[in-house]
Amino acid sequence: MQKSSRLNEPSETVIDEISKSLVSAIGEANKWNFRLRCKNLSDPKLSDGVQLAEHIRALQLAEVVIKRDLNRRIANARRHQNALRPVNKLPDEVLSVVFHQVAATVSIFNHFTSLSNIAGVSARWKSIVDSTPTLWSFVSSTYPESQVDRALKKSARTPLSVACRFKGEELTSSLKYESREFLQVMQSKGRHWDELTLRLPRIGHLRAVLEAPSSHLRKLDIKVAYASFKKLNLFGGLRGVLEDVKLTNANIEWNSEAFTGLRTLQLDYSAICDSDVLPSVTQLSWLLEHNPGLRFLSLSGWITEGPTPDDPTTLPHLTRLCLKAMPSDTAAPVLRSLWAPSCTHFTLHCESGTGYTALLTELEAFLPSLRESLEQAASISICLGPSHFHYHTVPRSTESPSKLDFRLDSMPPYLLLELFCHQLHEYNVKTSPIHIRIDPRFDFTCSGAILPSLFRLRNVVNLKVADRVVAPCRLLKWLSWPYSIQGDQELWPLPNLVEVEIGQSNLTLRDIRDFVRGRYGKRSEKKQPRGLMPLKVLRTVGNDWDDTWVQPDIRRLLPQTDCSFQRSSWAHSYCEINAETTDTDEEEEGASEVAGSHESSIVDSESTDETSDSDSEVSDDSDEGTEES
């Protein structure tokens, strides 16, 4: 038998010997420690009670010494371990650039929370953070005053990123004073501003600050709950270096030289209906003409009518175009006013409107520039509902240069299906796998063009027909027979279909069996018909299938197929779409509540020099020994 690796407990004799040696060593080490009332623990003049108390006190001091030595050894081991990691082989300058990239992914209101997490990794990382002024050039009205002062001191003369936010839906007199006072104090510091972020109910009381020239401001982000009554002429209408603008509900002068030379423009007016506040098509055309280097354009909400230019504005560098929460009769003139030959990310979410005919015309002219999106997609998904059409491409990776995302509601879905199927057919592109989903209450009888358009797609691999669909038998009958024969080659609809899921609707299992027998029952020497992929998965969902005796026939016809007959209700879920990554106010507020503790820890870290020698040694070692994550 193998010997157990468990260690035996020491005997009482061994424990006594260790205790005597430890007491002797502690007494020798602490004979000059005046916190002990005697220099020798074995002094016969001491009573047994006093000796016991002195033993306890000596052991307590020994515990501190042992812990200090243990922490020092652990810190040394971790420093050696961390030094072997690839990230710590990078120069300080490279790590500083990495820290900037990490900090750029969070909101300015949470900047020092992120900075505290970085600085807490190791002593070296903390030293790099402390010696990099640009990492400290962030000030916000949500920071403690001590944090703002320290940020201004450690950022030296680098341009500031200024953020002003006060909670509440009403613009009270105290809120007016505090927000105005904060921005005026920041202006009085004589520092250039690189970024300005405002989160307030209104901004009319900041007119003096916002209309002052700011020649060094590069990024502007304003979000207000209510538009001001009078338009703001931002920065006096003077051109500066502004290149990134994001406005939500702000009432401003649009034809301003301050908005020239932009690379990013995001306008969200989905909560505003006042035509005096909303930008017009004419003003949008002016913005596009004066920003030929635009790379990202995002528009949400209404845009008032106006004359459009005869020729669209060409934006050769625009790669991302996003139109959200926009009526179709508003999206059409927007598409008509621009041409983006390099666009690879196109998002279109139309909620309502009657101008879908004009939108289809503009889409048909705009889509050819997006051929690359179809060629580089990992898969394509199409969802058809009673009054909506969803179409999106799933990129091959998060760094994929192309993706499409369409969600159009309140318009005949078969018109858009016909358009997209025609585009895919005309491109003659070898498309990625296509997934089709038919949502509840979709009506196959609403147009005779639905099935012919659908069957033009040759790389459909997955078909899901929900419950409560109107006339699903039409679809199954079309799928049950080849639509043409060329020589000895049968041409089948959706020839690459390998997975089918069907809700009950008004179907029976005999309908499913007839579909299986017609499509897969024609076997010659137990082989599938030519040009038709074998079915891998067949799934039926419903509670009221009353002809379960048909199930063995279906399994016999599909011996190599995973057949599943679920007696349950159809669980409907919305189609997934390519959501844009944006910072929400909820995330900012949630994180800012805990930011105070992190920020105060950074502020208080400079005051540790006044601690005792023993405590400072232990804290320094433990700080240095923290592992990188």
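Q: Before we look around, what does "buried" mean here?
A: Buried means under 20% relative accessible area, while exposed means over 50%, and partly exposed lies in between. Keep in mind that this is a predicted model.

Q: Which residue does Asp439 form a salt bridge with, and how far apart are the closest N and O atoms?
A: Here is the general idea: side chains of opposite charge can pair when their charged atoms come close. In this structure, Asp439 pairs with Arg437, and the closest N and O atoms of this salt bridge are 2.8 Å apart. Asp439 is buried too, because its relative accessibility is 4%.

Q: How many salt bridges does a search of the whole structure find?
A: The search finds 12. One of them joins Arg207 to Glu211, with 3.2 Å between the closest N and O atoms. Glu211 has a relative accessible area of 28%, so this residue is partly exposed. Another salt bridge links Asp514 with Arg513, where the closest N and O atoms are 4.0 Å apart. Asp514 is partly exposed at 40% relative accessible area, whereas Arg513 is buried at 14%.

Q: Which residues are linked in a network of salt bridges?
A: Look for Asp194, Arg218 and Glu243, which are linked in such a network.

Q: What is the nearest side chain of opposite charge to Asp244, and how far away is it?
A: That side chain is Lys219, at 4.3 Å. A salt bridge needs a side-chain nitrogen of Lys or Arg within 4 Å of a carboxyl oxygen of Asp or Glu. Asp244 has no salt bridge, although this residue is buried. You can find Asp244 in strand E5, which covers residues 244–248. Leaving aside residues up to four places away in sequence, Asp244 touches Arg218, Lys219, Leu220, Leu262 and Thr264.

Methods
Residues are numbered from 1 along each chain as its sequence is written. This is a predicted model: local features need pLDDT of at least 70, side-chain atom pairs count only at pLDDT 80 or more; totals for chains, interfaces and linings use all residues. Side-chain values use heavy atoms; hydrogens and water are left out. Helices (H or I, at least four residues) and strands (E, at least two) are DSSP runs, numbered from the N terminus. Buried means under 20% relative accessible area, exposed over 50%, partly exposed in between (1.4 Å probe, protein chains only). Lys and Arg count as positive and Asp and Glu as negative; His and the chain ends are not counted. Contact means heavy atoms within 4.5 Å.
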